[in-house]
Amino acid sequence: MKVSRKKRILTGDRPTGKLHLGHYVGSLINRVKLQHDYDTFLLIADVQALTTHWEQPELIRESVMDVAMDNLAVGVDPEVATLCVQSMIPEIAELTVFYGLFTHMNKLRHNPTTKAEALQYGMIHENGDLMTGFDQLTYGFFGYPLSQAADITFVRAHLVPVGEDQKPHIELTRDIVKKFNELYGRGKEIIPMPEALVSDVPRLTALDGGTKMSKSLGNVINISDSYDEIRSTVWKAVTDPQKIRKNDAGHPDICNVFKYHKIFNTEEDVATIEQDCRSGALGCVECKGRLTDVLHGMLAPFRERRKGYEAHPERVEEILREGTKKARRIGQETVAMVKEALKVDYFAV
Ligand code: SF4
């Protein structure tokens with residue numbers, strides 16, 4: 001196996017559908033940039049997706065291919081980055097069990113990210129916490145941050161690109177690594193300490209202004225959307241409710257279409273739109289048309305590249321198979337080191 005001297009990055013996606021613009025600005029742009037400077041591993045976290053979608057295994061299976069194609073479409077280069085599938089790497093599950101041996105329940109119970117997500121999925125009551133209001137909470141979901149620690153450490157990643165909201169998971173991973181090395185390393189660092197690489201990326205809100213972004217709510221644009229799909233979603237966007245006629249003076253600061261212009265359009269166009277909205281020279285219909293054109297212009301090359309992969313799914317399967325094999329070999333090394341440290345390396349079977 002070729003050993004890279006670059007630092008290793010682990011990041012990934014939960015395959016619960018196609019990736020959308022929120023994923024693009026939140027992490028995909030960044031990973032495409034980082035892939036040349038770091039040894040990049042992109043984990044498609046299907047087991048983690050099943051902790052919330054265990055009743056929809058077909059959706060998860062289909063989404064694994066969609067997520068892989070979306071990554072490749074935006075410019076992830078399989079020659080430099082490694083795409084791999086979580087469930088095909090049993091060493092991650094092994095590490096999860098080992099980490100659970102010395103991680104206290106309270107660490108998991110007070111994780112603010114897990115709590116916010118459990119609320120979002122209706123697994124706990126508004127006033128409950130992860131130990132008292134848990135009638136709908138599963139063991140798998142409660143413990144998924146442990147599995148995420150295993151995701152990060154099976155490739156012995158040095159860096160994990162995350163948004164602010166994911167920082168508690170990295171803190172937990174660091175606690176686990178520190179404790180493991182102290183308990184079993186006998187002075188040696190067996191698992192490298194991972195660092196969070198917090199990027200200053202804009203957080204995209206849904207076009208209807210809601211916090212939940214989903215295709216079924218019709219408030220997100222997928223990376224693979226056609227011109228008509230982009231247009232139809234942009235047309236439903238919530239704008240300034242007081243701007244009823246074209247010539248009414250508008251308030252771009254409270255308009256979702258303007259938020260998108262600010263992220264995706266040029267500074268010059270944004271300044272003109274702001275001015276013309278406020279003066280009443282620009283109407284919402286035209287403004288939405290301009291946003292549609294900007295988004296279409298940005299996404300069209302991705303869609304073209306994606307079409308090539310859609311026509312040859314066997315190529316995507318091959319990329320996933322080779323990437324998973326490579327990642328698994330590293331995971332096997334890691335588990336061997338962990339088992340030796342835990343003194344459970346009795347014999348080869
Ligand atoms: S003109 Fe554009 S920025 Fe102004 S309210 Fe309408 S859609 Fe929003």
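Trainee: Is Arg328 buried, partly exposed or exposed?

Mentor: The model is a predicted one. Relative accessible area decides the class: under 20% is buried, over 50% is exposed, and partly exposed lies in between. Arg328 has a relative accessible area of 30%, so Arg328 is partly exposed.

Trainee: With which side chain does Arg328 meet in a salt bridge?

Mentor: A salt bridge needs a side-chain nitrogen of Lys or Arg within 4 Å of a carboxyl oxygen of Asp or Glu. Arg328 meets Glu91, at 3.0 Å from N to O. Glu91 belongs to helix H4 (residues 90–100) and Arg328 to helix H14, so this pair links distant parts of the chain, 237 residues apart. Glu91 is buried, at 5% relative accessibility.

Trainee: How many salt bridges are found in the whole structure?

Mentor: The search finds 18. One of them joins Glu195 and Arg174, at 3.8 Å from N to O. This pair ties together strand E5 (residues 195–198), which holds Glu195, and helix H9 (residues 167–184), which holds Arg174; the two parts are 21 residues apart in sequence. Glu195 is partly exposed at 42%, and Arg174 is partly exposed at 24%.

Trainee: Where do Glu274 and Arg278 lie, and what separates them?

Mentor: Both are in helix H12 (residues 267–279), and because they are four residues apart, about one helical turn separates them. Glu274 is partly exposed at 30% relative accessibility, and Arg278 is partly exposed at 38%.

Trainee: Which residues are linked in a network of salt bridges?

Mentor: Asp66, Asp70, Arg306 and Glu310 are linked in this way.

Trainee: Which residues form a nonpolar patch on the surface?

Mentor: Tyr346, Phe347 and Val349 form the patch, and together they have about 500 Å² of accessible area. Val349 is in the segment after H14. With a relative accessible area of 98%, Val349 is exposed.

Trainee: How many residues of strand E3 are buried?

Mentor: In a regular strand the side chains alternate between the two faces of the sheet. In strand E3 (residues 81–85), five of its five residues are buried. Ala81, Leu83 and Val85 are on one side, Thr82 and Cys84 are on the other, and both faces are covered.

Trainee: In which sense do strands E2 and E3 pair?

Mentor: Strand E2 (residues 39–44) and E3 pair in the parallel sense, over five bridges. Val85 in E3 is the bridge partner of Ile44.

Trainee: Are Cys84 and Cys287 buried or exposed?

Mentor: Cys84 has a relative accessible area of 0% and is buried. Cys287 is buried as well, at 10%. For a disulfide, the two cysteine sulfur atoms must be within 2.5 Å. The search of the whole structure finds zero disulfides.

Technical notes:
Residues are numbered from 1 along each chain as its sequence is written. This is a predicted model: local features need pLDDT of at least 70, side-chain atom pairs count only at pLDDT 80 or more; totals for chains, interfaces and linings use all residues. Side-chain values use heavy atoms; hydrogens and water are left out. Buried means under 20% relative accessible area, exposed over 50%, partly exposed in between (1.4 Å probe, protein chains only). Patches are made of residues with over 30% relative accessible area and no salt bridge: like charges are joined within 9 Å, nonpolar side chains (Val, Leu, Ile, Met, Phe, Trp, Tyr) within 5 Å. Accessible areas come from the Shrake-Rupley method with a 1.4 Å probe; for residues, only the protein chains shown count as cover. Two strands pair if DSSP finds at least two bridges between them.
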